[in-house]
Amino acid sequence: MQRAFIEEAAAQCGYCLNGMIIAIVGLLARNPDPGESDIREALRHHLCRCGTHMEILAAARRAVRYARADRESGPAPVDKTEVSP
Ligand code: FES
């Protein structure tokens, strides 16, 4: 989820992100393969005052693709070189 938001540059000030991310995580928990209308319905009560709704929708779509890929091939291995001591 975090990777999807970073890659889509979906964060401006970050004020709305907790709600956006929780809504998408909740959607994926209820429906592991949501479509566009499911994503829009899950996010429809969340407002982004910075106006990054299109980037947030793109991040949600990307998160759905990543979740699907994880289910099909298992989660990516943890890169231990990125862990600080
Ligand atoms: S990123 Fe600022 S309110 Fe959404």
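Helices here are DSSP runs of H or I with at least four residues, numbered from the N terminus. By that definition, Ala-23 is found in helix 2. The model shown in these views is predicted.

**Figure 1. Overview of the four helices.** The protein contains four helices and zero strands. Read along the sequence, the elements follow the pattern α-α-α-α. Of the 85 residues, 22% are buried. Among contacts between residues at least 6 apart in sequence, 65% join residues at least 24 apart.

**Figure 2. Helix 4 and its buried side.** Helix 4 runs over residues 53-73, which is 21 residues. From its first C-alpha to its last, helix 4 reaches 30 Å, close to the 30 Å expected at 1.5 Å a residue. Its buried residues are Ile-56, Ala-59, Ala-60, Ala-63 and Val-64. These cover an arc of only 145 degrees around the axis, and therefore lie on the same side of helix 4. In an α-helix there are 3.6 residues a turn, so residues three or four places apart point the same way. The partners of the buried residues of helix 4 are helix 1 (2-7), helix 2 (17-30) and helix 3 (36-43).

**Figure 3. The other side of helix 4, and the residue that follows the helix.** Met-54, Arg-65, Ala-69, Glu-72 and Ser-73 are exposed on this side. Just after helix 4 comes Gly-74, with a positive phi of about 85 degrees.

**Figure 4. The buried face of helix 3.** Ile-39, Ala-42 and Leu-43 are the buried residues of helix 3. Seen down the axis of helix 3, they fall within an arc of 90 degrees, so they line one face of the helix. These buried residues pack against helix 2 and helix 4.

**Figure 5. Packing of helix 2 on helix 3.** The two helices pack at an angle of about 135 degrees, and their axes are 9 Å apart. From helix 2, Met-20, Ala-23, Ile-24 and Leu-27 take part, meeting Asp-38, Ile-39, Ala-42 and Leu-43 in helix 3.

Figure 6. Is Ala-23 buried or partly exposed? A residue is buried if 20 or more other C-beta atoms lie within 10 Å of its own, exposed if 12 or fewer, and partly exposed in between. Ala-23 has 19 other C-beta atoms within 10 Å and is therefore partly exposed. Apart from neighbours within four places in sequence, Ala-23 is in contact with Ala-42, Leu-43 and His-46. The C-alpha atoms of Ala-23 and Ala-42 are separated by 6.1 Å, although the two residues are 19 residues apart along the chain.

**Figure 7. Ala-9 in the loop between helix 1 and helix 2**. Ala-9 has 11 other C-beta atoms within 10 Å and is therefore exposed. Its phi is positive, about 50 degrees, although Ala-9 is not a glycine. Ile-56 is one of the buried residues of helix 4.

Key
Residues numbered from 1 in each chain as written. Predicted model: local features only at pLDDT ≥ 70, side-chain atom pairs only at ≥ 80, totals over all residues. Expected span 1.5 Å × (residues − 1). Arc of directions from axis to C-beta. Contact = placed C-beta atoms within 7 Å. Axes fitted to C-alpha atoms, helices over the stretch in contact; angles between N-to-C directions.
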